[in-house]
Amino acid sequence: MSTAAGRAQRTLPRRSGPARLAPPRLPQLPPHSPSGLVLRTVEMHTGGEPLRIIPRLEAAEEAVAGGGLSLLSLRREMAATQDHVRRALMHEPRGHDGMYGAVVVRGGAAAAGAHLAALFLHGAGYSAMCGHAVLALGRFALDYGLVAAPDRPETAVRLRCPCGPVTAFVPWDGHRSGNPVRFHSVPAFAAATDLAIDVPGHGKVVVDIGYGGTFYAFLSAEQLGLDVCSSKTRDLVNAASAVTEAVKKQFKLHHPESEDLAFLYGTILTDGKDAFSEEPTTNICVFADEQVDRSPTGSGVTARIALQYHKGLIQLNQTRTFRSSTTGSLFTGKAVKATKFGDYNAVIVEVSGEAFYTGTATFTVEEEDPLKYGFFCK
């Protein structure tokens, strides 16, 4: 049999039936209000904790350009005049009760010479510091060209946070960023140790309060009759929230530079393993309005390292590993330098973790939508 004949015999017959339809051509954007919001985002997560990055927000750029606002002042301005943006992106139906975000700000007094500044958003408002976001924003800054000439194999990215300047160190291969990312914190310190607090429904407990860019209360879950590794998340959240409210009423916080930063952000329940060990120590962070961090919490790791150093439980450059009780994801932390912050003995803490891209999104608003700026279910 000739080769041509063989090819002819092996030719399959065409199937009969309707022609396959081409997929519909979607418009670039769905119908939306011409004067309404169009918000483009880059989506990431660090240790399971989401980060919705808003690379450009016109209102923030105009405020920075026109008023010479500091980042803390811009934070107040955004809360007063642009809070609908936060609600639209953090709350349902575009977000969820665990959503977290960051508005990128460039130039002006807000950035203060850094490669970028960031406003941190969550379901209930605005944070002063967010470690998981800093790790993700370090990668974002390199991949989206915010650093003009990245260095190989690692680039230092200067970020301005509401609590102050931090530096992220990001792997760079000449084409894209990588992991793990690490950052050096603002000065972190022990605000109070062995503080007795009366918690309704639980009685007297003993907490430590640490600062890692924002303030947290720390205690073992065991004091509340719980196990951070095996108790139901709802039970941990309820107990941690009760501690937060009790501490707010019974202890006054002070920040060396700004009373805008003198607030308790949340409570972190731990497994009680504060002494140095090569084994991971597990915790869960409940912050803002009962929001649960899926990661080990970068600013919480910073504050917990500061407390352990203050108590003599760890030394400089001793690395500890921290595990999230919700996802099992890991961060590492170590105190790298002793310093002073106001009247406090403080440390600079290095936190390391992995951040990943999950996609991009474009969100629109229809003016007649009664839920256009979101809703919040608890």
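Modeller: Happy to! One term before we start: two strands pair if DSSP finds at least two bridges between them. Helices (H or I, at least four residues) and strands (E, at least two) are DSSP runs, numbered from the N terminus. This is a predicted model, where local features need pLDDT of at least 70, side-chain atom pairs count only at pLDDT 80 or more, and totals for chains, interfaces and linings use all residues. Residues are numbered from 1 along each chain as its sequence is written, and side-chain values use heavy atoms, with hydrogens and water left out.

Colleague: Thanks. In which sense do S12 and strand S13 pair, and over how many bridges?

Modeller: Strand S13 (residues 281-287) and S12 are antiparallel, with 5 bridges.

Colleague: Why is strand S12 largely enclosed by the rest of the structure?

Modeller: Because 7 of the 7 residues of S12 (residues 264-270) are buried. Buried means under 20% relative accessible area, exposed over 50%, and partly exposed in between (1.4 Å probe, protein chains only).

Colleague: Switching to cysteines: how many disulfides are there?

Modeller: There are 0 disulfides, counting a pair of cysteine sulfur atoms within 2.5 Å as one. For Cys285, the nearest cysteine sulfur belongs to Cys130, 9.5 Å away.

Colleague: Is Cys285 buried or exposed?

Modeller: Cys285 is buried at 1% relative accessible area, while Cys377 is partly exposed at 46%.

Colleague: What about aromatics, how many pairs?

Modeller: There are 12 aromatic pairs. Rings of Phe, Tyr and Trp (its six-membered ring) pair if their centres lie within 6.5 Å; planes under 30 degrees apart count as stacked, over 60 as edge-to-face and the rest as tilted. Tyr144 and Tyr357 make a tilted pair, 6.5 Å centre to centre with 45° between the planes. Those two sit 213 residues apart in the chain.

Colleague: Which residues do ring pairs link into a cluster?

Modeller: Tyr100, Tyr216, Phe218, Phe263, Tyr265 and Phe287.
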